[in-house]
Amino acid sequence: MTKTKIDVTLSATRKEKPKSDQLEFGRVFTDHMFVMDYSPAKGWHDPKIVPYEPITLSPASMVFHYGQTVFEGLKAYRTKEDKVLLFRPEKNMERLNLSNDRLCIPRIDGEFVIEALKQLVSIEKDWIPTAEGTSLYIRPFIIPTEYYLGVAPSKFYRFMIILSPVGSYYKEGIHPVKIYVENHYVRAVEGGTGKAKTGGNYASSLRAQEEAAQKGYSQVLWLDGVEKKYIEEVGSMNIFFKINGEVVTPEVNGSILEGVTRKSILELLKSWETPVSERKISMEEVYQAYKDGQLEEAFGTGTAAVISPIGEFLYDDNKIVINNGETGELSKKLYDTLTGIQKGTKQDPFNWVTEV
Ligand code: COI
């Protein structure tokens with residue numbers, strides 16, 4: 001696959017680009033997309049960059065029925081020197097293949113896909129916004145395309161990459177978000193699909209998110225699916241707490257998504273020699289730390305969310321207000337360092353960025 005040529009068909013027209021300071025998350029798409037198909041006879045084949053357009057599928061196509069889908073999310077940034085940078089794309093490809101394994105989808109050649117992605121992003125370079133807090137969000141995804149209503153892995157698939165210039169994921173922007181600690185619904189259990197980036201995990205989170213939104217909270221914090229005691233993740237981001245000088249994040253356990261930003265933050269904190277641990281942490285422990293005056297900060301991490309400070313939790317009927325609802329010092333330092341590396345304004349001692 002690695003030697004395969006990518007066919008390019010450029011669009012005859014160009015869409016108007018949105019203003020950089022008015023961008024929402026994931027509403028606008030660029031002029032081109034990458035497409036590649038899979039069949040048992042040919043494997044992954046026919047990679048091409050084509051104009052962004054609707055696709056036609058039979059209503060019997062398996063994508064519409066049993067949710068055998070996977071996706072990724074990463075970002076491209078344009079530097080002041082007009083270079084285009086990607087942040088750790090190889091990690092997204094590794095995770096995509098882990099999701100593929102879980103969902104019985106054939107693995108992709110990560111190196112080849114990164115080459116294809118670089119080609120697509122260079123064609124769309126002018127779509128990369130440069131205003132503070134903006135970037136070009138990259139959404140690779142795979143859908144099953146066989147026409148069949150039996151419950152079985154599809155024999156045919158389509159892999160696509162679409163691009164979207166984005167601003168902040170949350171309407172709060174860089175201001176702290178309010179999170180509802182979910183005590184009824186659960187997201188995932190050990191042995192389930194919690195670790196995979198698959199549509200079903202997000203579909204099953206919507207009910208809880210709607211109910212939390214009605215109470216005025218941006219997102220829900222998921223607890224473990226068995227005892228509803230230990231903290232897992234927020235669904236669109238992993239979570240970190242700073243308690244009495246130590247940074248704690250739930251350990252990965254098979255039901256939490258292993259975020260690339262999560263991993264990067266752990267590596268950054270270790271390089272600063274900040275005490276940090278990945279371990280089981282219960283919501284009761286966080287509440288106790290709050291009552292003892294030791295809960296200093298909380299923040300979420302994710303590609304879309306970047307570093308998102310958390311100003312408040314609602315835990316049963318208890319409001320936990322952190323740092324007076326203001327962004328904490330560590331969250332700010334992590335945000336500045338990470339986005340600085342991603343945008344090429346800060347040194348990249350870890351070799352995380354790849355130039356397109
Ligand atoms: C990302 O951070 O890229 C994600 O996939 C979260 C998404 C569900 C918006």
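**Around the ligand**

Let's begin at the ligand. Six names to find here: Gly 73, Tyr 202, Ser 236, Gly 302, Thr 303 and Ala 304 are the residues around it. One caution before we go on: this is a predicted model. How does that shell divide by class? Two of its residues are nonpolar, four are polar and none is charged.

Next, helices H1 and H2. H1 covers residues 89-102, and H2 covers residues 110-123. Their axes are 9 Å apart, and the packing angle is about 130°. What do we call that arrangement? Angles over 145 degrees would count as roughly antiparallel, and 65 to 115 as roughly perpendicular. H1 and H2 are therefore oblique to each other. The handedness of their crossing is right-handed.

Now the contact itself. H1 brings Pro 89, Glu 90, Met 93, Glu 94 and Asn 97. H2 answers with Gly 110, Val 113, Ile 114 and Leu 117. Sort that contact by class and you get five nonpolar, two polar and two charged residues.

Step back to Arg 88. Arg 88 sits in the loop between strand E6, residues 84-87, and H1. Its phi is near 45°, which is positive, and Arg 88 is not a glycine. Is Arg 88 buried or exposed? Arg 88 has 20 other C-beta atoms within 10 Å, so it counts as buried. The cut-off for buried is 20 or more.

**Ala 76 in strand E5**

Staying in this part of the sequence, look at Ala 76. Strand E5, residues 74-78, holds it. Ala 76 has 27 C-beta neighbours inside 10 Å, so it is buried too. Which residues does Ala 76 touch, leaving out those up to four places away in sequence? Val 84, Leu 85, Leu 86, Val 121, Ile 128, Ser 135, Leu 136, Ile 138 and Val 356. Lys 343 is 267 residues from Ala 76 in sequence, yet their C-alpha atoms are 8.6 Å apart.

**Ser 168, in a loop**

Move on to Ser 168. Find it in the loop that links strand E8, residues 157-166, to strand E9, residues 177-181. Its count is 19 C-beta neighbours inside 10 Å, so Ser 168 is partly exposed. Beyond the four places either side in sequence, Ser 168 touches Phe 25, Gly 133, Gly 173 and Ile 174. Ser 168 and Ile 114 are 54 residues apart along the chain, and 25 Å separates their C-alpha atoms.

Asp 316 is in the loop between strand E15, residues 306-315, and strand E16, residues 318-321. Asp 316 is not a glycine, but its phi is positive, at about 50°.

Go into strand E16 and you reach Ile 320. Ile 320 has 20 other C-beta atoms within 10 Å, so it is buried. Its contacts, with residues up to four places away left out, are Tyr 287, Tyr 290, Glu 312, Phe 313 and Tyr 315. Ile 320 and Lys 178 are 142 residues apart in sequence, with 9.8 Å between their C-alpha atoms.

**Lys 346**

Last stop, Lys 346. The loop here runs between helix H7, residues 329-343, and strand E17, residues 353-355. Lys 346 has 13 other C-beta atoms within 10 Å, so it is partly exposed. Exposed would need 12 or fewer. Setting aside neighbours within four places in sequence, Lys 346 contacts Thr 337, Gly 340 and Ile 341. And how far is Lys 346 from Val 8, C-alpha to C-alpha? The two are 34 Å apart in space and 338 residues apart in sequence.

That's the tour. Over to you for questions.

Notes:
Residues are numbered from 1 along each chain as its sequence is written. This is a predicted model: local features need pLDDT of at least 70, side-chain atom pairs count only at pLDDT 80 or more; totals for chains, interfaces and linings use all residues. Axes are lines fitted to C-alpha atoms, for helices over the stretch in contact, and angles run from 0 to 180 degrees between N-to-C directions. Helices (H or I, at least four residues) and strands (E, at least two) are DSSP runs, numbered from the N terminus. Angles under 35 degrees count as roughly parallel, over 145 as roughly antiparallel, 65 to 115 as roughly perpendicular and the rest as oblique. A crossing is left-handed if the near helix is turned anticlockwise from the far one by less than a right angle, and right-handed if clockwise. Two residues are in contact if their C-beta atoms, placed from the backbone, lie within 7 Å. Ala, Val, Leu, Ile, Met, Phe, Trp, Tyr, Cys and Pro count as nonpolar, Asp, Glu, Lys and Arg as charged, and the others, Gly among them, as polar. A residue is near a molecule or strand if its C-beta atom, placed from the backbone, lies within 6 Å of it.
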